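Colleague: I am new to this structure and would like to learn how to read it. Please take me through a few features.

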Amino acid sequence: MAQSQAASSVTYIGKARARVDGPLKVTGTARYASDHNLPGMLYAVPVGATIAKGTIKDIDTARARQMPGVRAILKRGDLPPIAKITANFGESLMVDEPRPPFDDDTVRYYGQYVALAVADTFEQAKAAADAVAVTYAAETPNVDPHLVAKETKVASERGNAEKGFASAPVTIDALYAISPETHNPIETHATVATWDGDELTLYETSQGVINHRNVLADMLGLPRHKVRVIAKFIGSGFGSKLWPWSQSPLAAAAAMKLGKPIKLVLSRPMMFHAVGHRPRIEQRVRLGASRDGKLVSLQQDYVNSTSILDDYEENCGEATPHMYSVPNLRVTSGLAKRNIGTPTAMRGPGAVPGLFATESAMDELAAKLGMDPVELHLINEPQLDEGLGVPFSSRHLKECLTLGAEKFGWPKRDPKIGSMKRDGKTLGWGMAACSWLAARFDCTAAIELRDDGTVRVSSASQDIGTGTYTVMAQMVAETLSIAIERVEVVIGDSSLPSGALSGGSMLTASLIAPIDAAIAAAGAALITQASAGKNTPFSGVDAKKLQFSRGKVTAKDGGSATAFDEVLRALKVKSVSGQGSGEGTFGIEGKPKFSSHSFGAHFVEVMWQPEIARLRVSRVVSVFDAGRIINPLAARNQIEGAVVMGIGMALFEGTEYDARSGAPVNANFADYVVATNADIPALDVHFIEYPDFNLNTLGARGVGEIGLAGTAAALTNAIYHATGVRVRELPMKIESLL
Ligand code: MOS
């Protein structure tokens with residue numbers, strides 16, 4: 001049979017595959033937003049407020065306007081109207097800072113854009129921006145790191161958590177805090193805006209070209225088909241590029257006003273002002289347990305800082321209700337307004353800081369009980385999602401814990417603080433479990449089968465550096481049984497069929513159904529033509545008796561199979577196309593049938609030398625239950641990057657705001673310390689592959705964010721084991737260990 005012959009051909013799904021776009025990147029030919037240069041293009045540099053609270057009294061542009069090459073200094077009242085958007089996830093109309101740029105004379109955070117200098121060159125625009133003299137009536141900003149919520153809401157509740165806590169023989173009651181973390185992708189935010197009549201094209205740093213198009217069209221009062229957003233390559237985003245920030249409408253409006261293309265690229269310091277950050281979060285966790293370690297109560301009360309303009313909430317209870325079996329649980333949330341720019345999603349929003357607190361508390365409980373922390377997790381493993389009251393689609397956390405323990409050598413751990421030594425150094429071994437949601441977005445893709453044997457797959461989705469080009473090529477090559485080199489992937493353009501966001505680790509799972517459906521649709525179109533047209537092996541055969549499978553047309557009752565390109569050549573037809581869609585599962589109201597999450601466990605070893613106050617991370621073993629892994633190389637790369645970020649979160653990263661000016665004082669790579677290669681040991685990553693067929697036909701979930709979840713807790717738990725010091729505030733300060 002033709003089908004079984006075809007089935008023996010090469011498979012791509014589940015095989016390590018280097019990036020199909022790798023050569024473009026390493027040769028410098030991949031074009032990022034700021035690489036676009038257009039005829040007559042001008043450069044724009046924003047002027048940021050140098051106060052964090054107060055009123056603009058005057059903006060004196062006289063000197064700046066006289067400077068060489070300067071075309072305009074734009075401020076409030078100088079731009080075409082920019083409408084205020086009400087964020088709406090369901091309509092793909094999400095915006096971070098809701099206030100249109102230059103909307104009023106009130107300053108609410110340091111670095112808020114107050115004017116825009118436009119000149120012939122970047123240097124001229126920068127010099128002019130620096131020469132703009134702004135007079136403020138400044139007030140004392142509130143950037144107080146200590147957070148007290150005006151009101152709190154119950155995010156999740158079951159049983160009676162307070163009663164359970166009061167009656168528990170063993171309890172933990174601790175406060176955990178994380179400093180604000182600022183996203184620092186290598187590529188800073190950039191917009192190149194160009195008008196052709198009433199049509200706007202934006203080369204953008206965007207994790208969602210469709211959403212970006214919708215927002216910019218609505219802001220500028222244009223029909224959506226008049227706006228095109230292009231983001232072919234993105235130097236990562238980590239959530240900071242999910243939704244548009246003010247620099248994009250500023251560039252578009254300035255380009256409209258001046259009748260020239262505008263390039264606006266943020267500087268590294270500006271990345272700390274008006275393009276989001278993970279807010280400061282304080283959490284109180286109370287655990288109650290029986291003497292044999294069964295949880296009886298869990299309370300998590302978190303407060304995050306947010307901006308004056310927005311109510312962004314970090315959902316720190318995202319993982320809490322389903323992580324552990326516990327009859328009594330209560331999670332509350334609260335906000336504290338600060339004169340700081342609007343925060344936004346940062347890799348693993350909610351779950352990452354939430355699990356730092358709950359997984360630290362679990363380790364504290366294990367220590368208090370004199371129980372092994374792996375054992376404590378195992379005996380509190382739930383049978384179903386006790387928050388939703390539904391079964392898990394696929395949960396194999398126990399195997400992550402046991403396999404991780406085995407790979408790490410955990411049974412050799414001596415629980416006594418500071419008791420383990422190697423080469424004269426004190427070893428600390430810590431672990432933590434983790435979870436991240438698994439879901440799909442609505443997504444559409446198109447397929448074009450061509451007579452030269454190549455295939456074009458397209459979708460208005462984007463690759464933020466995670467490997468989307470590659471996994472899409474793998475999916476198409478696999479389904480059509482063709483060499484991967486024959487697949488052309490076209491994404492990163494809002495004019496393509498409406499795709500999904502690169503967010504929430506959901507894009508891979510979202511693309512599977514639409515690509516399958518698009519291939520089926522293209523195959524059906526091919527069958528129709530093969531049957532109706534002349535000179536094909538199927539001419540005159542009833543189309544209902546034909547099928548398209550693994551890239552070939554064949555009669556359902558057997559006979560020889562003919563590849564799509566051969567059929568097209570016989571027909572003298574260049575190509576045949578199809579489009580397909582998949583429905584999302586994310587954000588749907590009501591109770592789902594399954595609780596869908598990925599799970600994992602991290603095991604960390606630190607080496608501590610108190611004589612010289614030196615702490616090194618010497619080993620990390622991480623095991624994940626993330627469904628079927630489509631590309632183990634890209635997936636491991638995602639996890640490694642996330643673990644590096646977790647080490648940075650635990651040890652280095654924190655944005656410091658000056659109490660007087662409200663300025664982020666470490667707004668550069670010398671003072672805002674991120675983990676570097678020298679801080680990172682070899683990372684040992686394992687996937688236990690249980691396909692989650694409730695999510696899609698390949699059983700694949702995403703793996704971008706889960707690698708960061710739990711990492712910081714595993715590390716600080718290891719620090720406790722080495723030193724006896726509990727690090728409850730991130731980043732750790734080395735002096736706290738002495
Ligand atoms: Mo991710 S924080 O959804 O980019």
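Colleague: Which residues of α6 are buried?

Modeller: First, the basis: this is a predicted model, in which local features need pLDDT of at least 70 and side-chain atom pairs count only at pLDDT 80 or more, while totals for chains, interfaces and linings use all residues. Residues are numbered from 1 along each chain as its sequence is written, and side-chain values use heavy atoms, with hydrogens and water left out. Helices (H or I, at least four residues) and strands (E, at least two) are DSSP runs, numbered from the N terminus. Buried means under 20% relative accessible area, exposed over 50%, and partly exposed in between (1.4 Å probe, protein chains only). In α6 the buried residues are V209, I210, N211, H212, R213, N214, V215, L216, A217, M219 and L220. With 11 of its 12 residues buried, α6 is largely enclosed by the rest of the structure.

Colleague: What covers the buried residues of α6?

Modeller: Contact means heavy atoms within 4.5 Å. The cover includes β9 (190–196), β10 (199–204), β11 (227–230) and α7 (247–258).

Colleague: At what angle do α6 and α7 pack?

Modeller: Axes are lines fitted to C-alpha atoms, for helices over the stretch in contact, and angles run from 0 to 180 degrees between N-to-C directions. The angle between α6 and α7 is about 50°, and their axes are 11 Å apart. That makes α6 oblique to α7; angles under 35 degrees count as roughly parallel, over 145 as roughly antiparallel, 65 to 115 as roughly perpendicular and the rest as oblique. H212, L216, M219 and L220 of α6 make the contact with S248, P249, A252 and A253 of α7.

Colleague: Which strands does β1 pair with?

Modeller: Two strands pair if DSSP finds at least two bridges between them. β1 runs parallel to β12 (residues 262–265), joined by three bridges, and L42 has I262 as its bridge partner there. With β5 (residues 113–119), β1 pairs in the antiparallel sense over six bridges; here the partner of V47 is A115.

Colleague: Where does D423 lie, and is D423 buried or exposed?

Modeller: D423 sits in the loop between β16 (421–422) and β17 (425–437). Its relative accessible area is 67%, so D423 is exposed. D423 also has a positive phi of about 50°, although it is not a glycine.

Colleague: Which residues does the cis peptide bond join?

Modeller: The bond joins L730 and P731, with omega about -5°. P731 is in the segment after β28 (729–730).
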